[in-house]
Amino acid sequence: MKVVKIMSKILKKIGRVIYTIFSYFFKFVDKWVIMPISRIVYNIFKSTSGNNNNFNKLLNRPHFLIVISLIFSIICFLLIDNKVISLVENEAEIIKNVPVNLIYNAEAYVVENVPETVDITITGRKSDIYLAKQLGEFAVELDLSKYTEPGTYKVYFTYSKSIDSVDYILDPSYLSVTIKDKVSEVHSVSYDLVSTDDLDEKLSVDSVTLDSSEVIVKGSQDALDKIASIKALVSVSSKDDNDEDTEEYTEKGTYEMTNIPLVAYDKKGEIINNVEIVPHTLTGTLVLKSYSVTVPLSVSTTGKLISGKAIASITINNQPNYSLDIYGEEEEIKEITSVPVTINVDGLGSEGVKNYKVTISKPSGVRYMSVKNATITATFGDEAQKTIDVDVIDQKYLADGYSANIVSSSKISIQVKGVQSNIDKITAGNIKAYVDLSGLGEGTHEVAVKVDNNNPLINYVVSSTISIKITKD
């Protein structure tokens with residue numbers, strides 16, 4: 001019953017609309033067609049009434065003028081409908097991106113230079129254009145089935161006209177297409193990880209195994225010759241919101257993957273689209289792991305303290321030795337021995353204590369850190385100094401194929417600066433002195449001695465140089 005009532009209301013509304021349209025139409029015809037023509041005919045007959053009483057009698061008949069007006073209206077309608085008289089100017093509208101239906105032997109040939117879509121310009125009366133758009137039957141075909149030999153051909157598009165009163169113009173209307181023999185080759189498949197930024201930061205990819213190491217690639221010989229690699233694009237995104245069947249990678253473990261897309265690349269890393277990969281997707285297995293190490297947070301300083309002052313102590317979150325956990329690929333983070341952070345002490349020393357709120361930056365290869373922010377407290381005291389003699393000097397960055405020997409005395413003096421309690425702990429064995437031999441060739445060179453220092457509480461001053469003789473091996 002509800003459906004019947006609803007349909008009844010809809011039909012009543014449609015009836016009112018139709019009644020309103022016809023009412024306006026008849027009023028328009030009566031005002032602008034029948035009445036003007038009636039006046040013209042009346043005036044003509046009135047001017048001849050003195051000579052012909054029969055016309056006068058006809059004019060006195062009530063329906064004569066209406067009949068005459070209707071006859072003239074019908075004549076005008078026929079003239080306009082057949083476009084003998086045009087009351088409305090033609091308009092044009094462009095229908096963009098109409099799909100092209102390509103017809104050819106896809107098993108034997110490859111067709112190049114065919115656009116996926118074309119534009120159609122339709123011209124005609126506005127009402128006809130509107131009707132053509134509502135019907136929406138813009139079917140465009142490029143039939144190449146009659147071409148059975150490779151080559152380049154000039155071909156025209158074909159299309160259906162939904163409204164005969166509308167003119168259709170295609171852009172382009174024809175084109176030169178190249179037909180080539182389809183050949184096939186076997187290519188090996190490797191994989192690339194995509195959407196790695198969406199993977200949980202504590203997880204990393206341990207391994208990917210594809211169900212096939214080879215695929216068949218079909219296309220023209222020219223296209224196949226451009227292929228440098230075939231890649232399976234393995235997405236490790238935690239979740240694809242558009243696909244309810246996508247696995248959610250939120251924990252370490254083994255996951256089965258389906259519908260892994262395959263892409264062909266050229267030597268420049270650009271995608272080759274005009275080839276067919278069989279199969280076009282693969283399945284595989286993804287193993288995720290969570291690898292972490294615990295490393296200290298190391299503090300370094302920039303700037304100079306005021307004269308006579310030194311850093312007495314540095315604590316991180318109220319701890320003298322502070323460590324954090326870092327996560328990432330094992331090969332990358334196993335080489336990381338500390339996470340650096342820097343504080344600026346320029347012009348300080350008289351305050352006694354300085355607190356820093358710092359943000360810890362992730363080193364290269366680290367995906368996640370257990371701590372992102374820290375509070376560093378530096379205390380200052382009076383500077384003291386002492387001199388330590390060192391006779392062990394390392395050689396660094398010597399070029400391959402050369403050897404170096406110290407030809408002068410290797411014993412040097414190093415000045416150690418800091419608060420007294422800190423410099424008392426420093427001995428010759430704590431000092432790592434070295435010479436930088438990078439860029440030096442064969443011969444004898446005077447080289448400055450440097451100290452490898454990662455302790456922000458101690459400063460080393462070295463003014464000595466030593467003679468190094470470099471020879472070819």
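Start at the second largest pocket: 23 residues line it, and T301, G303, P456, I458 and N459 are the ones nearest its centre. Before you click further, keep in mind that this is a predicted model, where local features need pLDDT of at least 70 and side-chain atom pairs count only at pLDDT 80 or more, while totals for chains, interfaces and linings use all residues. Residues are numbered from 1 along each chain as its sequence is written, and side-chain values use heavy atoms, with hydrogens and water left out.

**The pocket**

The space in this second largest pocket comes to about 470 Å³. A pocket here is an open set of points on a 1 Å grid over the protein atoms alone, where a 1.4 Å probe fits and there is protein on both sides within 12 Å along at least five of seven lines; lining residues have an atom within 4 Å of a point. Grid points are joined across faces, edges and corners, and the volume is the space filled by probe spheres set on the points.

Now select 292-302 and 309-316: these are β16 and β17, and each gives at least two residues to the lining. The largest share, four residues, comes from β16. Colour the lining by class and you get ten nonpolar, ten polar and three charged residues. (Ala, Val, Leu, Ile, Met, Phe, Trp, Tyr, Cys and Pro count as nonpolar, Asp, Glu, Lys and Arg as charged, and the others, Gly among them, as polar.)

**Zoom out**

Helices (H or I, at least four residues) and strands (E, at least two) are DSSP runs, numbered from the N terminus. Of the 473 residues, 31% are buried, where buried means under 20% relative accessible area, exposed over 50%, and partly exposed in between (1.4 Å probe, protein chains only).

**A five-stranded sheet**

Next, pick out the open sheet β24-β27-β28-β30-β25, whose pairing is mixed. β24 (393-396) and β25 (402-406) are at the edges with a single partner strand each, so one side of each has no neighbour in the sheet. From one strand to the next, the twist averages 40°; the angles run from 0 to 180 degrees between N-to-C directions, with axes fitted to C-alpha atoms. Two strands count as paired if DSSP finds at least two bridges between them.

Select 433-436 and 443-451, which are β27 and β28: they run antiparallel, joined by three bridges. A433 sits opposite V451. Six residues lie between the strands of this hairpin, and G439 there has a positive phi near 80°.

Move on to β30 (465-472), which is joined to β28 by six bridges, again antiparallel. V447 has I466 as its bridge partner, and A448 stands opposite T465.

While you're in β30, click S467. Is S467 buried or exposed? S467 is buried, at a relative accessible area of 11%. Leaving aside residues up to four places away in sequence, S467 touches N405, I406, V407, S408, T444, H445 and E446; a contact means heavy atoms within 4.5 Å.

**A three-stranded sheet**

Now display β23-β26-β29, an open sheet of three strands with antiparallel pairing. Its edge strands are β23 (384-390) and β29 (459-461), each pairing on one side only. The twist here averages 30° from one strand to the next. Select β26 (412-418) to find three bridges to β29, including the pairing of Q415 with V461.

Most residues other than glycine have a negative phi, and most peptide bonds are trans. Here are some exceptions to look at.

- D171 to P172: this peptide bond is cis, with omega near 0°. P172 is in the loop between β7 (167-171) and β8 (174-181).
- V278 to P279: another cis bond, with omega about -5°. P279 lies in the loop between β14 (276-278) and β15 (281-289).
- N317: its phi is positive, near 50°, and at 27% relative accessible area N317 is partly exposed.
- N318: its phi is positive too, about 65°, and at 71% relative accessibility N318 counts as exposed. Find N318 in the loop between β17 and β18.

**Last stop**

Finish at S184, in strand β9 (183-194). With 49% relative accessibility, S184 is partly exposed. Beyond residues up to four places away in sequence, S184 touches I216, V217, K218 and L224.
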